[in-house]
Amino acid sequence: MRRISTFELPSHPLRVVMFGALLAALPVATQAQAPAPGGAASAAQDSSIVLTGKDGWLFPAWGSLTTVDAPAIARNTALIAEARQALAAVGVQLQVLVLPDKALFYEDKLPDGKRLGDAVRGRYALELDGLGKAQVPAVDAMKVLRQLQQSGQDVFYRSDQHWTQPAADAVASAVATRVKEQVPTLAGQAGSGMPLGSEIKERRFGDLAELFLTDEQRKAIGRDTFTVRRQADQQSLLDDAPAPVHVTGHSMVQPYFGFPQKLSNLIDRPVSVNWKPGNVGHWVVLLEYLESPEFKQNKPQVLVWQMFEPSYPQGPDARGQWDNASIMTAEQWKARLHKAVGQ
């Protein structure tokens, strides 16, 4: 796994970006679940894949707006706690980053007749509380993003399921603070963090519009303006080095949206990252890193494991949620976890 300081900034998020030998970063837009039979047009019309809300706001539609599986949340928290314990036994501190649902911030933009149930409004707090009781370190990303939204900034793009750069930066700052609390002295040299390049603007369709709307619908929604950072000039002068912090997760933490660069800059150390689309599942994404030669040869001091609030209740065996290659029982997942960390 190469540290994030060596990545090449894509000119468009649909471009494939390589991160060393561990994983190939897949296209941003493929984070979404594949559309139901009948194609994107029918999916958009029956709202089984995307909800078209007010003022052109689009929302993923593959999760319930009203119901929450609390027992499943508890079961998955227990699995996460087991991962924390297994990693701690080999000197790796786990930090979980649960990112909240877009609809929580823009409920007023949902289509007429659509609203969040009280259980869904309380789901993030339920998940975070469970992690706290299980003694799993976790940043309250909801609190961070609420504060950012209250300052007048958008935290998600209008026609895309991903967060904005200010949102990624704000959460990276909170994660960096927690990393320094977990490991006050990080390995490596001061000055080896990633320098931040200048910002550029891109006008394009968001992934929800690009993937799941017809040409006519897409034109009606229009393009959004995405803010991304260029690669800093001095970045090419930096040598590869083992990263004391590794980030594993989904496309929210890919470099296009700026999270790993900002985290590296704030902790002043290299950060490595592996990610795959959301329909692969955060359970497998973690295992792929732990089973890699990179983890065995250079274990990080802190491992940041990113997941999504709406899919948190989905365990490793969630058929219909994850792609078939990612499905396994909880017992199989635990066996692979302990084998990967050498237990």
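The charged end of R218 sits over the ring of F205, 5.9 Å from its centre. A charge counts as over a ring if NZ of Lys or CZ of Arg is within 6 Å of the ring centre and within 35 degrees of the ring normal. This is a predicted model: local features need pLDDT of at least 70, side-chain atom pairs count only at pLDDT 80 or more, and totals for chains, interfaces and linings use all residues. Residues are numbered from 1 along each chain as its sequence is written, and side-chain values use heavy atoms, with hydrogens and water left out.

**Exercise 1.** Find how R204 lies relative to F226.

*Solution.* R204 lies over the face of F226. The distance from the ring centre is 3.5 Å.

**Exercise 2.** Classify the ring pair of W62 and F212.

*Solution.* Start with the rule: rings of Phe, Tyr and Trp (its six-membered ring) pair if their centres lie within 6.5 Å; planes under 30 degrees apart count as stacked, over 60 as edge-to-face and the rest as tilted. This rule gives 10 aromatic pairs. For W62 and F212, the centres are 6.3 Å apart and the planes stand at 70°, so the pair is edge-to-face.

**Exercise 3.** Decide whether W62 and F212 are buried, partly exposed or exposed.

*Solution.* Buried means under 20% relative accessible area, exposed over 50%, partly exposed in between (1.4 Å probe, protein chains only). W62 has 30%, so W62 is partly exposed. F212 has 1%, so F212 is buried.

**Exercise 4.** Classify the pair of W283 and W333.

*Solution.* The centres are 5.1 Å apart, with 85° between the planes. The pair is edge-to-face. W283 is buried at 1%, and W333 is buried at 0%.
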